[in-house]
Amino acid sequence: MPEKLKMHSPDQVASNVERIAELFPNCVTEAADEDGNLERKIDIDLLRQELSGEIVEGPLERYHLNWPGKREAMLAANAPIAKTLRPCREESVDFDTTQNLFIEGDNLEALKLLQETYLGKVKMIYIDPPYNTGHDFVYNDDFTETTHSHLLRSNQTSDDGMQLLANSNSNGRFHSDWASMIFPRLKLAKTLLAEDGVIFISIDDNEQANAKRIGDEIFGEDNFVTSFVWEKRTTRENRKAFSVNHDFLLCFARCRPKFEETRNLLPLTEEARKRYSNPDDDPRGVWQSVSINAQAGPGRRKEQFYSITTPGGRVVEPPAGRCWIYTKVRLDELVANDQIWFGEDGNNVPRQKVFFDSATQGLTPHTLWSADEIGTTDSAKKDLTKLFDDVTVFDTPKPVGLLSRIIDIATNDGDVVLDFFAGSGPLAEAVFLKAQSSEETRRFILVQLAESVNESLPQLEQLRAMDLHTVADICKERIRRVASKAGTRHELIGRELDLGFRVLKIDSSNMKDVYYSPADTKQEMIGELVDNIKPDRTGEDLLFQVLLDCGVDIGLPIRTERIDKREVFFVNDSEHASPDLIACFDADVPETLVKTIASRTPLRAVFRDHCFTADDAKINVEQIFKQMSPQTQLKSL
């Protein structure tokens, strides 16, 4: 039947709701209309919170997930911070050339710092957040004040340290504390995902239901892909009513239809290959048969309901409640082309022949992942202990096979993958293994808090002897050891492997604190405000803050050159293209150096205000670039 005309002008309210839903899916809810019927609406109170720098209240009754502290968690996601990333060469491997990143610090702050640079560029995120078992977990999310007062405080957090939250059942906020921790992080993570990007969240029974609902709110229910069940252990636990042998892996997409278009199939297993044979000596090669009937229901056509007479004379009807997937005309074409198999005697229920050479070379991933396929927590612990010379450094690592599986499913050559609860770092190892075993590469970004190792561990002295004092230390050392065992060259294709990582540590801004009120400013402080950069910061420190502020990829190659006795930084400099950025932060930059930089025609050029002694010198720099490199964005600190 033709679709009826609406006979009215467009519903602008519905259109506006859809637009808001695209930007803020968490603000979409159900509410009753005047007649008591439920309809899709925008939660105005939540929308106000999204657009406010302070906590807003709202008593509207609606269907939604709520907990004590949710508005503070929303504010935590939106509030700005005055932090930066400081490079640490001595802890890095191949600092200048690697595209892999290891960020040490609080992951909420890291996600905020990555917003400009990696907005919409991350293909896959995996996280293994702390499971809510009633034990403590560390985070620093006190954003209950206004944005302005938080900005003042967060610019001077070096003395604050980390808060240890006693997240026990007895504190009355067992689930609320965990939800407040994970909510802002997932909210920021979503913005980093590419349009076809996807996030996998490892979780257990304690918070699986809440993690699913929080994910539904942030990503939208339509973007929930599936819930995988992973067999994390094969041994039986007799201490409890039931032996829990599984964990969950929740999967949400930024845009589910786009993710499904790019989702990869898994390689054919040897068992799957054995399903192909050639009982009729078909010259097209080996094949396997598949069913040609499907569930009957809405959308099916009457042409799909008919009888089939087999070559042996048997009349076959579709099974009860089902129909054929092809019309009679199409089926006859397939029979004529010898693509329908009726069995060796010609009387079996018809099935379609799918040839190995023409079939999609892969398997659709299933949602039940066995220990035999990807490993267990115990096998991962044994592998990690072996890597560290028989010292147990981590109690509950995830198996590399688990990370390799999701890399295979969700990513392709050149993609960026992120883990902001890096733990022992299995994602980095999985990325290295993928680079070794294929012609494709991935780039990783790991984020891990410098959380002290448990002092009650029996192997504590051994860890200290290895200079491993924090979880971040363990993660970095794991990456180094895996890289050293892997070699640096892909022998099959003669390509150098990127097995390095660039360590960046979250710290206070490189800029001096300039938020003093007139009443707090004293005469002796005036001299300190002449230069706006903190005295302990290097040119490389300033470079990374500039990269973050300009939205330039902080994983790009960096080269340093001495020109006119000044330190000059080149970012992504090559013979075939202009550098993404050239920066010089030294004092008294001569005109000859400015012309040298302009002659390289960089996309961006950055200097410090302190580089030039007078305003006329700054004006002269602008004129030089207008003449020699007019396309360059000229910036100053």
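**Strand pairing, a packed helix and salt bridges**

Let me begin with strand 3, which pairs with strand 23 (residues 502–508) in the antiparallel sense over five bridges. Please keep in mind that this is a predicted model. Within this pairing, Thr84 stands opposite Asp507 in strand 23. Strand 3 covers residues 83–87, and five of its five residues are buried. Lys83, Leu85 and Pro87 point one way from the strand, while Thr84 and Arg86 point the other way.

Two of the residues in this region carry us further. Arg86 and Asp507 are linked with Asp536, Arg537 and Asp541 in a network of salt bridges.

Next, I turn to Glu104, which is found in strand 4 (residues 101–104). Is Glu104 buried or exposed? With a relative accessibility of 12%, Glu104 counts as buried. Its side chain is joined to that of Lys476 by a polar contact of 2.6 Å. Beyond its neighbours within four places in sequence, Glu104 is in contact with several residues, including Leu504, Lys505 and Ile506.

Let me now consider the open sheet, in which five strands are arranged in the order 24-25-26-27-28 with mixed pairing. Strand 24 (558–563) and strand 28 (633–636) stand at the edges with a single partner strand each, so one side of each has no neighbour in the sheet. From one strand to the next, the twist averages 20°. Strand 24 pairs with strand 25 (residues 566–571) in the antiparallel sense over six bridges, and the bridge partner of Ile563 in strand 25 is Arg566. Helix 18 (residues 539–550) packs on this sheet and touches strands 24, 25, 26, 27 and 28. The direction of helix 18 makes about 35° with that of strand 25.

Finally, I return to salt bridges. How many does a search of the whole structure find? The search finds 47 salt bridges. One of them joins the side chains of Lys232 and Asp247, at 3.3 Å from N to O. Lys232 lies in the loop between strand 9 and strand 10, and Asp247 in strand 10, so the pair ties together parts 15 residues apart in sequence. Asp247 is buried, with a relative accessible area of 3%.

Another salt bridge, at 3.4 Å from N to O, is formed by Lys382 and Asp378. Both lie in helix 13 (residues 377–387), four residues apart, about one turn of the helix. Here Lys382 is exposed at 54% relative accessibility, whereas Asp378 is partly exposed at 44%.

Methods. Residues are numbered from 1 along each chain as its sequence is written. This is a predicted model: local features need pLDDT of at least 70, side-chain atom pairs count only at pLDDT 80 or more; totals for chains, interfaces and linings use all residues. Side-chain values use heavy atoms; hydrogens and water are left out. Two strands pair if DSSP finds at least two bridges between them. Helices (H or I, at least four residues) and strands (E, at least two) are DSSP runs, numbered from the N terminus. Axes are lines fitted to C-alpha atoms, for helices over the stretch in contact, and angles run from 0 to 180 degrees between N-to-C directions. Contact means heavy atoms within 4.5 Å. Buried means under 20% relative accessible area, exposed over 50%, partly exposed in between (1.4 Å probe, protein chains only). A polar contact is a pair of N or O atoms within 3.5 Å; within protein, one must be able to donate a hydrogen and the other to accept it, and residues adjacent in sequence count only if both atoms are side-chain atoms. A salt bridge is a side-chain nitrogen of Lys or Arg within 4 Å of a carboxyl oxygen of Asp or Glu.
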